[in-house]
Amino acid sequence: MSSRRIVSGALFLVALSVVQFAGCQKSAGAEVAMNKEGTAEKGFIHPSWALTMDELTALTAALPKEIAEKVSSDPVTFLSLLREVLAEPADLFIMADKHHELKEDYEPDDLVNLEAEGVAVARNGLLLRKEAAEALSNMSAAAKASGIDLVVGSAYRSFAYQKIVYSRNVKELGQESADRESARPGTSQHQLGTAVDFSPISDDFADTKAAIWLQKNAYLYGFSLSYPEGYESLTGYRWEPWHYRYIGKAGASLVNSFFDGIQHYFIEFLQTNGDTLRTKVQ
């Protein structure tokens with residue numbers, strides 16, 4: 001076969017491929033357009049959700065007015081982030097507080113040593129769930145690059161260990177004061193394996209460079225302040241500027257952008273509406 005015929009044949013195959021690719025692109029584009037058109041016809045507000053604005057408004061009706069208004073002003077961004085949240089393991093968003101108790105034998109099966117993940121700790125043997133530990137390691141490295149040292153003073157606590165911590169606080173502070181800042185066993189976020197206390201674990205932490213850096217950047221790595229100032233009646237605990245919980249990047253972004261930085265509102269929203277939302281996402 002001559003080289004001219006070989007070249008001609010090759011050119012023909014290339015041209016055919018281009019035509020086929022263009023046809024696929026046109027078909028895919030038409031499909032996307034049809035999906036969007038179908039979404040609009042049904043009154044859905046997001047191509048990945050079978051959800052109308054009225055339905056979303058009903059789901060957010062129990063939230064504070066300012067939060068519900070933020071959601072209604074930008075439902076597409078809200079639902080895009082929420083879709084990412086629902087793709088995460090549900091146990092990342094378990095509610096653990098004075099009204100929602102964990103079982104005594106609850107223990108994550110993917111706990112890892114923080115030192116092994118390159119995280120600075122105040123004492124040896126601190127553990128965290130693998131995903132949270134990796135995110136914490138990345139956050140610590142970013143803080144270090146900015147001249148900030150993040151040191152973890154406490155992380156995962158078993159039911160039994162939390163029982164010891166709580167009893168000690170009751171003896172030192174009295175029952176009433178202890179209940180404002182120490183969880184009874186079974187109600188601590190620390191048992192989830194996704195919460196950390198940064199050192200020093202005291203009100204003095206609020207004025208440190210580490211605390212200021214975390215306020216601005218923690219959400220970028222999936223961490224959220226659990227007990228903000230002025231919300232004790234909601235969270236059950238006084239302000240703890242050192243206590244952060246890992247809820248994933250999408251979750252932390254939702255808290256930061258739509259829930260006024262109040263993690264409790266977000267977790268409660270998922271607790272109440274999670275099953276319904278999962279039937280609406282596509």
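Reader: What makes Lys 98 count as lying over the face of Tyr 237?

Author: Lys 98 lies 4.7 Å from the ring centre of Tyr 237. A charge sits over a ring if NZ of Lys or CZ of Arg is within 6 Å of the ring centre and within 35 degrees of the ring normal, so that is the test behind the wording. Bear in mind that this is a predicted model, where local features need pLDDT of at least 70, side-chain atom pairs count only at pLDDT 80 or more, and totals for chains, interfaces and linings use all residues. Residues are numbered from 1 along each chain as its sequence is written, and side-chain values use heavy atoms, with hydrogens and water left out.

Reader: How many aromatic pairs turn up in the whole structure?

Author: The search finds 11 of them. Rings of Phe, Tyr and Trp (its six-membered ring) pair if their centres lie within 6.5 Å; planes under 30 degrees apart are stacked, over 60 edge-to-face, and the rest tilted.

Reader: Why is the pair of Phe 78 and Phe 269 called edge-to-face?

Author: Their ring centres are 6.1 Å apart and the planes meet at 65°, so the pair gets that name. It also links distant parts of the chain: Phe 78 is in helix α4 (residues 75–86) and Phe 269 in helix α11 (residues 263–280), 191 residues apart. Helices here are DSSP runs (H or I, at least four residues) and strands are too (E, at least two), numbered from the N terminus. Both Phe 78 and Phe 269 belong to one aromatic cluster with Phe 93, Phe 258, Phe 259 and Phe 266.

Reader: And why are Phe 198 and Phe 205 called stacked?

Author: The planes of Phe 198 and Phe 205 are at 10° and the centres 6.4 Å apart, so this pair is stacked.

Reader: How do you know whether Phe 198 is buried or exposed?

Author: Buried means under 20% relative accessible area, exposed over 50%, and partly exposed in between (1.4 Å probe, protein chains only). Phe 198 has 1% relative accessibility, so it counts as buried. Phe 205 also has a relative accessible area of 1%, so Phe 205 is buried.

Reader: What makes strand β2 covered on both faces?

Author: In β2 (residues 49–52), Trp 49 and Leu 51 on one side and Ala 50 and Thr 52 on the other are all buried.

Reader: How do you know that β1 and β2 pair?

Author: Two strands pair if DSSP finds at least two bridges between them. Here 2 bridges join β1 (residues 44–46) to β2, and the strands run antiparallel. Phe 44 stands opposite Thr 52, and a hairpin connects β1 to β2 through 2 residues.
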